[in-house]
Amino acid sequence: MTKRFIYLTLIGLLGFPVFTNAQNHRRLELDNNWYFRQYDTKEWLQANVPGCVHTDLLANGKIEDPYYRTNERELQWIDKVAWEYKTNFEIDDSTYVKKQKRLTFYGLDTYADIFLNGHKLGHCDNMFRTWSYDVSDMLKKGRNELNIVFLSPTGQGLKEMEKYGLALPADNDQSVLGGMENKKVSVFTRKAPYNYGWDWGPRLVTSGIWRPVVLEAWNEVRIEDTYIHPLKVDSKLAQLNAEITLTAAHPQTADIEIRHGNRIVSQQSVPLKSGKNRIGLPIKIKHPKLWWCNGLGKPHLYTFDICVKTGAQTLDNKQVTTGLRTLRLVRKKDKAGETFYFELNGVPVFAKGANYIPNDAFLPRVSRSDYEKVIADATEANMNMLRIWGGGIYEDDYFYELCDRNGIMIWQDFMFACAMYPGNPEFLENVRQEAADNLIRLRNHPCIALWCGNNEIGVAWRHNSPGGWGWKQKYSTEEQERIFQAYKDIFHRILPEAVEKYTDDMAYWPSSPMSGPGESDFELQPGTSGDNHYWGVWHGKHRLEAFADNVGRFVSEYGFQSFPEFETVKKYTVPEDYNIESDVMASHQRSGIGNLRIKEYMSWYYRVPENFEQFLYMSQVLQAKAMDIAMRTHRRAMPYCMGSLLWQLNDCWPVASWSTTDYYHNWKAAHYAVREACKPVIVVPRKNGSQLELWVVNDRLKKVKGNCIIELQDFEGNVLNRIQADFSAEGNRSVLIDHIGSDRLLKNHPREKTLAVVTLRNGNKILDEHHVYFTEPKNLDLPAHPRITTRYNEKNGRKSLTVTTDKLACDVMFYSPGNTVRFSDNYIDLLPDRTYTIELFTDITDPEIKTRFIQ
């Protein structure tokens, strides 16, 4: 747990501001006694800090739930006016007498004027930056007053657009919904782009104090930052350099000591000048425990204590936790083109994971338990990488700590997505400072594998090339050059220079997707180099089988939509809304084509149900099928393909989207399917003409061998044919172990009444099982009324179901109406003459369990 969250916990428990004292260092979290009002009105209301205007209005009963039905539409006035926050806090004698006093705002959203005791401290204009002010001469002993006026973000955006003199493209800015016609102002403001709407998110443009406000006081020395920079790391020796930045009140000599556990690993006596000092101390650790990603080893972490002393007196101390590893992006020429993969501690890693968006439209109400759940969802699904997408935020410290602990590598976008941005000097300098703040804040996290400049901007613009999204055609040649110069300044100069300056050795990739790092290296289709976003399935209306024909070197986006489960839909609807084309269901579907696109795809593969609840369920079955095909296809293609990051892991509100877990962190069918497809060792049956190919993918670093058994069964469980093949798969490889002619396997048995159960075994251990059907599900002659029995069991506090069926039941969903129950397995094919044991995770004893299945 970081100091920051310790302080938050203390404040929450005690109910009033708490000073923390690291000997000579005093720290006060200003998170209590806050009030807010619409600017220049008389009514002050209680506020929560961290928080935002929308949630404070909701807590005071001034607005209805923005997520319920179409309430969002009635709340677009909130971002058109200014808001003011204020608090009073006391300064005691021991703090007042300190020589140095600093007030730091870790997140102000977004245009804010700050006043302390009537004096203006400054103006803020970037949600992603940290703002600090020397208040040594402004604080009073006793009562002090802090006021923050938040200007209208859309109003300020309009002013910035008018000043720039050129409107810029931003397709996902839902300006019409916001009552702003086609004036897309989001790109002129350094604020989370998704606040202005996206094709999965609402338009709720927030304002407020979204991260902590902290007052610090000290006399002599303050440690500002410590970067544990790995110079050389392997299993024998870790050579590190602790790059310490500290501020001294006056010239002096200090002793700096670094400990790991009870052992001093580095110490040095250094002269300090008045002001900022940068000092490097070497650290050597013999036979270090390396940090590994999920599935390859333990993510070992090291905690270093940095202490600055004069004699026996401690002036300041700081604790830094990091992992020791080498992690690099490998791009080298090969016979096919150029590789694109991550190498961890010398081992090429197939990146299995997802794209991640913010957990809520209202960021301050994302709790620690929300972060713990979302990272657990990724870890339990056998993922080893998440991509923090560029239309959200640089995430909370705790998010990255959880990724460090769980071995989840991070592809980190800078916060630019699907739009062109201004290039005036003030904007560019703001970006430069934003990059510095976040690189310095996050660079000790071993989970971070890559910094990427932006999401999809290069392929959308395609300067001096045909194609793109039709943006550049709306501008004159002179305007195009001006717009693209800003692009080059941000993504090919400012951001890579910042990554090099503040991290030294982290990889930088200008845009995703790209075929190469150059200013014009963009390919829309999966190529032989770089990363790619494949949206032929879904946006291009390609069949699911097209995933096999569109495999890139690293597939950093692809996806398929589904609805959340009925229990989630009920939270934002009433019965009259239970139609996928109703106004409310359309409002909770931000990809305009979405609901009917799901229905169209469903008709290609399944019988489309008329019942609303069954349709929601079938949409999840369809999404699971798509994600299973994609992930297994990409993994089968290793080492040509070395990454598969589906779009998307989570939601920011209850909605129909591409997510595999919904807003309430309920697993959709797709998340269960991805968990199976991301296991360390899997079998991938592939239909190739008249042949059924059998591939084994082994992510482990050691060879695995055993046998692969293919049983042809009818839907009553009778075994009609059985074929066995031995296999041996080297570590970190995909291998074709056999191919079987369909005629040899089917033996004239009807395709619509049979399935192949493919089981991968290592001795008595089942490594993977996969079911192969020989025609589309809608053509299967499935049993009409399988008799599924479920028996509840509870022993030693563990709850489970024992499940059987007399006939095949496909994609069986277990659920408990009105209750929160998580199942260890779900949306599974139940085979006759088998007994399935499924664990239940719930506080409810003997909950009612129901099932759905394909009919």
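Me: At the start of α13, which residue has a side-chain oxygen within 3.0 Å of the backbone nitrogen of Glu-613?
Reply: This is a predicted model, where local features need pLDDT of at least 70 and side-chain atom pairs pLDDT 80 or more, while totals for chains, interfaces and linings use all residues. Residues count from 1 along each chain as its sequence is written, and side-chain values use heavy atoms, leaving out hydrogens and water. Helices (DSSP runs of H or I, at least four residues) are numbered from the N terminus, as are strands (E, at least two). The residue reaching Glu-613 at the start of helix α13 is Asn-611.

Me: How far apart are the end C-alpha atoms of α13?
Reply: The expected span of a helix is 1.5 Å times one less than its number of residues. Helix α13 runs over residues 612-636, 25 residues in total, so it should span 36 Å. The model agrees, since its end C-alpha atoms are apart by 36 Å.

Me: How many of the 25 residues of α13 are buried?
Reply: Buried means under 20% relative accessible area, exposed over 50%, and partly exposed in between, with a 1.4 Å probe on protein chains only. Helix α13 is largely enclosed by the rest of the structure, because its buried residues number 22.

Me: Which element gives the most residues to the lining of the second largest pocket?
Reply: On a 1 Å grid over the protein atoms alone, a pocket is an open set of points with protein on both sides within 12 Å along at least five of seven lines; a cavity is a set where a 1.4 Å probe fits but cannot get out; lining residues have an atom within 4 Å of a point. This pocket holds about 1600 Å³. Its lining has 49 residues, with Asp-628 and Arg-632 among the closest to its centre. With eight residues, the top contributor is α13.

Me: What volume has the largest cavity?
Reply: Grid points are joined across faces, edges and corners, and a volume is the space filled by probe spheres set on them. There are three cavities of 30 Å³ or more. The largest is lined by 17 residues, including Trp-198 and Ala-417. Its volume is about 100 Å³.

Me: How far from Cys-124 is the nearest cysteine sulfur?
Reply: A disulfide is a pair of cysteine sulfur atoms within 2.5 Å. The whole structure has zero disulfides. Cys-124 is in none, and the nearest cysteine sulfur, on Cys-52, is away by 17 Å.

Me: What relative accessibility has Cys-124, and is Cys-124 buried or exposed?
Reply: Cys-307 is buried, because its relative accessibility is 13%. Cys-124 is buried too, because its relative accessibility is 0%.

Notes. A polar contact is a pair of N or O atoms within 3.5 Å; within protein, one must be able to donate a hydrogen and the other to accept it, and residues adjacent in sequence count only if both atoms are side-chain atoms.
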